[in-house]
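I opened the notebook to record what I looked up in this structure. The entries follow in the order I made them.

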Amino acid sequence: MRLSLLSAAVVAALVGYGSTIALVLAAAAAVGASEAQTASWVLALCLGKAVGSAFLSWQSRVPVVLAWSTPGAALVAASEGATMAEAVGAFVLAGGLIALTGALRPLGRAVALIPDGIAAGMLAGVLLPFCLKLAGAAEALPLLVLPAVAVFAFVRLWNPAFAVLAALAGGSALAFAGEAALPAIPLALPTLALIAPEFDAAALIGLGLPLYFVTMASQNLPGFAVLRAAGYEPPVRSALTVTGGLSALIAPFGGHTISMAAITAAICLGDEVHPDRGRRWIVGLVYAGVWVALGLFGPAILACIAALPPALVAALVGLALLGPLTGALTAAFAVPDQRFAAVVTLAVTGSGVAILGIGGAFWGLAAGLAVHAMERAARRA
């Protein structure tokens, strides 16, 4: 065991956890999760990522690093009206569809037919409202939020992967040095809380399907691209089948989808991790162990985050999503023939409109596809 394997795995896991845990907590709050259900949600995600990373790395001899779906968490956090049980039903559907995409080639080809610009427009519409809250948070709590933003901006110039983690650390230090009180740290280990799913049609269409699309488009595909850029052939079909199957299994314990990692995966793929490319896959096993530890210490971490001022947490969520929003907007407007349809998708999704109980992400995708089809028909005429 090389020390470089441990250091890379620890850094990747801490970056993945610290930069987006506030968003996961916002998602849990949006669907009315109790404190025990929220702790179970985080533990289920950690264990799912650990099992999937270890198994896929061992099976393929490729350093496969998994993440929870950050855009998926944003989608859940933006949802309205769904109960925890209905959200669990949507999570089961999304996980099952990801697994079927890996197992059934026709489904994978059908997903590939959705224009990239429209898929990116839907993602941008989901992320934009959270980023817009950043300025309001700074206005509400300037002495706490503005220093955190400054730390983020400075560290981002040096290493973007650490920017949100540094902002979380700096903002938390200022908060607890000021008016925020340190919470009592729970000593008991977390447990998984079983939540019986409810398969409500509106939640399945308005939350489950968009969760599937954003996870595929914004997490899995970039994750495979990162592996290819590092010179590895990603195990696409087995990765989709395993991550989708695990997502469906952890859903009754609150976890939303797990997927391929991109930014954190890059930390585990360089020559500095292990000089022998054929042995670099071991980092996936170490990474899995780190996530088990993070899952077990989850209650203490969640208690500290819950004690932070809400404006600071909202600011951290906005900072964490600026990078994904940049990527989504870039992809949405990359193809000229898809730009107007992408804007329509973004506008409808970002509006948060809910028709027939179905959320804006679905209607944004439907509107974008309809406009795109009309424009294609007009060009052919």
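Before starting, I wrote down the cut-off I would need: a residue is called exposed when its relative accessible area is over 50%, and buried when that area is under 20%. I also noted that this is a predicted model.

**Entry on F297.** I found F297 in the loop between helix 12 (282-296) and helix 13 (298-306). I then looked at its surroundings on the surface. F297 belongs to a nonpolar patch there, together with L47, L189, L192, V292 and L296. The accessible area of the patch comes to about 530 Å².

**Entry on T20.** I turned to helix 1, where T20 lies. T20 counts as buried because its relative accessibility is 8%, and the cut-off for buried is under 20%. Which residues does T20 contact, leaving aside its neighbours within four places in sequence? I listed W68 and T70. With W68 there is a polar contact, side chain to side chain, at 2.9 Å.

**Entry on T101.** I looked up another threonine, T101, in helix 4 (residues 84-103). Its relative accessible area is 9%, so T101 is buried. I noted two partners for its side chain. The backbone oxygen of L97 is reached at 2.7 Å, and the side chain of Y212 makes a polar contact with that of T101 at 2.6 Å.

**Entry on A77.** I located A77 in helix 3 (residues 70-78). A77 counts as buried, because its relative accessibility is 16%. How far apart are the C-alpha atoms of A77 and A26? I read 5.5 Å, although the two residues are 51 residues apart along the chain. Apart from neighbours within four places in sequence, A77 is in contact with A26, A27, A30 and F130.

**Entry on helix 8.** Helix 8 covers residues 160-177, which is 18 residues. From first C-alpha to last I noted a reach of 26 Å, close to the 26 Å expected at 1.5 Å a residue. I wrote down its buried residues as A161, A163, V164, A167, L168, G171, S172 and A175. What covers these buried residues? I found that the cover includes helix 1 (3-30), helix 7 (142-158), helix 11 (263-267) and helix 14 (310-332).

Terms used
Residues numbered from 1 in each chain as written. Predicted model: local features only at pLDDT ≥ 70, side-chain atom pairs only at ≥ 80, totals over all residues. Heavy atoms only, no water. Helix = DSSP H or I, 4+ residues; strand = E, 2+ residues; numbered from the N terminus. Expected span 1.5 Å × (residues − 1). Buried < 20%, exposed > 50% of the residue type's maximum accessible area, 1.4 Å probe, protein only. Contact = heavy atoms within 4.5 Å. Patch = residues over 30% accessible without salt bridge, like charges linked within 9 Å, V, L, I, M, F, W, Y side chains within 5 Å. Areas by Shrake-Rupley, 256 points an atom, 1.4 Å probe, with all protein chains shown as cover. Salt bridge = Lys/Arg side-chain N within 4 Å of Asp/Glu carboxyl O. Polar contact = N/O pair within 3.5 Å; in protein donor to acceptor, adjacent residues only side chain to side chain.
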